[in-house]
Amino acid sequence: MLPSSLTVTLAITILGLLTVAAFLWSWRLGHFDRISQQALLPLDDDDLSVSRPWETAEQRAERVAEYGAPLVPAPPGAWGGAK
Amino acid sequence: MTRIWLLIIGVLAIVIFATSLLVVIPNTMIGQVRVPKQLSPYSEVEARGRAVYISEGCVYCHSQQVRDPIYTSDKDRGWGPRATVPSDYLYDKPHQLGTMRTGPDLINIGVRQPSDQWHHTHLFNPRSLMPWSIMPAFPYLYEVRDSSSIKAGEVFYSVAGGKLPAGKVIVPTADADALVAYLKSLKRTYPVPTGDEPAARTLGGRSEHTMP
Amino acid sequence: MSATLPPRVIEMASPITDMENLDIRLRADASSRQVALRAIAFSVAWLVIGSAFGLMASFKLHMPDWLVSNAALTFGRIRSAHLNAMAYGWASSAMLAVSVWIIPRLVHTELRVPKAAEAGLYFWNVGMVLGIFGILAGYSDGLEWLEMPRYWADPFLVIGGGLVGLSLLSTIAMREVAHLYVSVWYIMAAFIWFPIIFVVGNWPTFTGVESAAVNWFYAHNALGLWLTPVCVGAAYYFIPKILGRPIYSYQLSLLGFWTLGFFYSLNGMHHLIGGPLPTWMITTSIVASGLMIIPVIAVGVNQHMTLNRRFGALRYSPTLRFIVFGAVAYTLVSLQGVFMAFREVNRLTHFTHVTVAHAHLGLYSFVTMILFGSIYYILPRLLGREWISERLISWHFWSVGIGQVVYLVPLTVSGMVQGVAMSDPTTTWEQVVQAMMPGLIGRSIGGTLLTIGHGVFAYHVWLMFRGAKARQGLPPFHEVAPIITRRDKATFVPGGVA
């Protein structure tokens, strides 16, 4: 039966190893550098410095510490709602 | 990730791997299945009936498969003497295995209901036979005529359950006749092809629980 | 960090000022404006059409003598018209809009060859019209999810999807950022996957059980490799965007991407458990379905932890409300799917209305809710005006929110009762039908609520389009004076190292 044959086992192993190799190679190429900063890509500067009305005082302080003060009030419709 | 082509290669690899495993390899294996002696191709009228079955979307409520009796009640419900196997479907293009049983399984309906009268009145209005049925009526597959207008040699049926005014009968259209011919042809009761049939060795006849 | 950065990153390490940053976003939005607006208009039209079909099909299941005199209105045709109008008309058109709008924003450049994307959108919708008429006229291909005629409707979808994909790939190729955000991966992958699986699924040579295997290989991948990636990609964009903080773990999102692609693509055969297929195929799919727990937990943990301690945001942002609803539903539906793939559960739920409820938890509660949320964010930025009425948004949300509960809960429960009844050979079929009844009626009530919600949404969108001519303005955020500098500005510039 094909799935239990040695050929398939070998083929799957080779495929798996190729995947691992591709991963290590891409790691060396720098694809995974500064991962946590890549997470900031969708955020523009003005997104970060806008005051979020739902944030606690503590969270607001974090935002100021992280992205600078003072926070700007949100423009109308900023969160995808009506005015 | 900075290289677009690396992403593209990975994405293509995934879909090629899955297609090979679930489409290409099975294709070569199922290609070896031999036709059981008792299974004949659909006749012209049965094939037309199958086309009606497909275009009216019967598959959305009726499956055409008997699952393994070891862990389902399909056989005990009287839907077939055995689980169906790949060679049972060699002439089915496209398949109509189905994923829903709002109504009962039909792979052996030809055995259970050999009567033209039953099929036609049931298709015209299922509630004429079973008041609780939720199957759609298919009146557009029939002509409703005065019983006095029936000429000699014409096939007609009367409908029970007060679904037709007195003095009216139904005359099946060619589509209805074909559909009933198809339904009556649905019989997979012959024994599972065994022995030198590759079908049984490689694919069929093996229950879900006895996989090596 | 690493000494072996690719040269491209260094080339692009030009300082970008805040003003330019804002400018990039405006240019990106302007470039995708026309295509995205038209795609949204088409998608909402399909939403309304698909709702009408769906509601009709639902009522027909407990009113079987209603509208039976015409073949085009028979249950089997209306039901597949509903599925195709929703999956390919509404969801896919909305996904085209979301994709052409998000990608330029994320790669900091204009949408390239927008004419191709627009032509693709038209091709797609022409194919849809032909396909739906084909189904209603009785020319179904007879395969679930692939009913639209393969020779005179489906080619339009392949060409259409391909053209939009071409435009997106050209945009990504001309990107002005070094790194591709994970949403770009998901969306790009979906546009590569879709034409391939759609052609394979429609390939006309398969017969018998192989036709079934290919059918479900495609049908499950339509969700897994087309609808899901785009919607997960959208969630990965909007949740951080609105909360103003990056996702909890970017690594987890990358792991989620590759495992989603690899495991989801092998899931299809679990629709045929117990069926006459080679057992190894079904077992492969069951194993892959079980492993789906990895990408699902990855998305679940990420979205929950990003939102954690900020649930108040849901009150402020309708977009977030819809998208978080969708993301939670994604976790739920996927975990449910994992369990339903196990043989012991499947022997009861297979062939019952639990499957229909499960499909709607996926396609409605997950996909559709995410697309609603996305449109709530995108449309004002394209039309340069805000949504007109908070109340209409609220009605929309609660109508579809409650509608889903009324739809899904009775249908799931009575589907389970149906499964138990079917598994006992002494129950008559009449008893089985009676077991499904409460679910079928609940579905019609829930479906009515959903349709009302869609009506409200469509009306609101129509008001937006109509009013847009009267008052052209600048999109929200435009007025924000870009005076604030991020603390890590010195060390991180989107698009390169500093």
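Student: How many residues of chain B are in contact with how many residues of chain C?

Tutor: In this predicted model, 63 residues of chain B are in contact with 77 of chain C, where contact means that C-beta atoms, placed from the backbone, lie within 7 Å. The largest share of the chain B side, 16 residues, comes from α1(B). Residues are numbered from 1 along each chain as its sequence is written, and chains are lettered from A in the order in which they are written. Local features need pLDDT of at least 70, side-chain atom pairs count only at pLDDT 80 or more, and totals for chains, interfaces and linings use all residues.

Student: Why is α7(C) called roughly parallel to α10(C)?

Tutor: Helix α7 (residues 208–243) and helix α10 (residues 293–307) of chain C pack at an angle of about 15 degrees, with axes 10 Å apart. Angles under 35 degrees count as roughly parallel, and therefore α7(C) is roughly parallel to α10(C).

Student: Which residues of α7(C) and α10(C) make the contact?

Tutor: From α7(C) come C:V232, C:A235, C:I239, C:P240 and C:L243, and from α10(C) come C:V299, C:Q303, C:T306 and C:L307. These residues divide into 7 nonpolar, 2 polar and no charged; Ala, Val, Leu, Ile, Met, Phe, Trp, Tyr, Cys and Pro count as nonpolar, Asp, Glu, Lys and Arg as charged, and the others, Gly among them, as polar.

Student: Where in chain B does pLDDT stay under 50?

Tutor: On pLDDT, the predictor's confidence in each residue from 0 to 100, residues 195–212 of chain B stay under 50. The mean for chain B is 87, and 90% of its residues reach 70 or more.

Terms used
Contact = placed C-beta atoms within 7 Å. Helix = DSSP H or I, 4+ residues; strand = E, 2+ residues; numbered from the N terminus. Axes fitted to C-alpha atoms, helices over the stretch in contact; angles between N-to-C directions. Parallel < 35°, antiparallel > 145°, perpendicular 65-115°, else oblique.
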